[in-house]
Amino acid sequence: MSRMSLLGWNLWPPTLPFYSHPYAIQSTLLKVADVMLWRRGNLTMGILLVTLAAWVVFEKSGYTLLSLVSNVLLLLIGILFLWAKSAAILNRPAPPLPELYLSEETVNEMGAFIRAQVNDILSASKDIALGKDARLFFKVAGYLLLISLVGGLTDFLTLGYTSLFVVLTVPALYERYEDYIDSYTILGYRKMQQLYVKFDSKFVNRFRKWILEKQKLS
């Protein structure tokens, strides 16, 4: 097994051809994967506990995300402002701030990546709208229906924490029980293919024939 194999995604070595600095991206991906796979267990547990505490604060205090972020930023800039002013008066060092700079190259790389992804989504949407890809239509419809059902059962913050919990637990469990999960996944995928073939032959093909007959009559 490779060093990192997440649900069939081979991340070693991670290669992103649209970036001009692959080694920095590789290092970032390796750190993220280590957190997801609990190779840095203390950090992963800390993230889960902090997000759980934030979720409890939001649920019990009545704060909204916007109000909390605004208050935290107000407190932060107030502390830094007073620190800098007092340091200038007392001849003390200024607050140690990191270099806050976003290079044009980074923006161009992010823009190119986002543009490519958006174009793929728009192309797929066009195929669905024109009826060119029935399989993709049913996949997208299923995902949207699932999102709608989940959204009706919970709020955004709970969904966000639950999603983070899944991201930080499922990959680690998959790495540990990869062989068992793969065998059941392949079996389930084959069953779904068989059901789709039956559904396509019984309903989709009949619907297509009905549309063609209506077009010929008109």
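1. The partners are Phe137 and Phe138, and the pair is edge-to-face because the ring centres are 5.2 Å apart and the planes stand at 65°.

2. A word on what you are looking at. This is a predicted model, in which local features need pLDDT of at least 70, side-chain atom pairs count only at pLDDT 80 or more, and totals for chains, interfaces and linings use all residues. Residues are numbered from 1 along each chain as its sequence is written, and side-chain values use heavy atoms, with hydrogens and water left out.

3. How confident is the predictor? On pLDDT (the predictor's confidence in each residue, from 0 to 100), the protein chain has a mean of 77, and 85% of its residues reach 70 or more. Please read residues 1-20 with care: their pLDDT is below 50, although this stretch has 37 contacts in the model beyond near neighbours in sequence. Contact here means heavy atoms within 4.5 Å.

4. Now the overall layout. The protein chain has seven helices and two strands, following the pattern β-β-α-α-α-α-α-α-α along the sequence. Helices (H or I, at least four residues) and strands (E, at least two) are DSSP runs, numbered from the N terminus.

5. The UniProt record (an unreviewed entry) places "transmembrane region" at residues 41-58, 64-84 and 136-153; such annotations may be inferred rather than shown by experiment. In the model, residues 41-58 are 100% helix and 0% strand, with the end C-alpha atoms 26 Å apart. For residues 136-153 the figures are 100% helix, 0% strand and 26 Å between the end C-alpha atoms.

6. Is Thr44 buried or exposed? Buried means under 20% relative accessible area, exposed over 50%, and partly exposed in between (1.4 Å probe, protein chains only). Thr44, at 0% relative accessibility, therefore counts as buried. It sits in helix α2 (residues 41-61), and, leaving aside neighbours within four places in sequence, Thr44 is in contact with Val35, Trp38 and Leu168.

7. Across the protein chain, buried residues make up 13% of the 218 residues.

Technical notes. Phe/Tyr/Trp six-rings, centres within 6.5 Å; stacked < 30°, edge-to-face > 60°.
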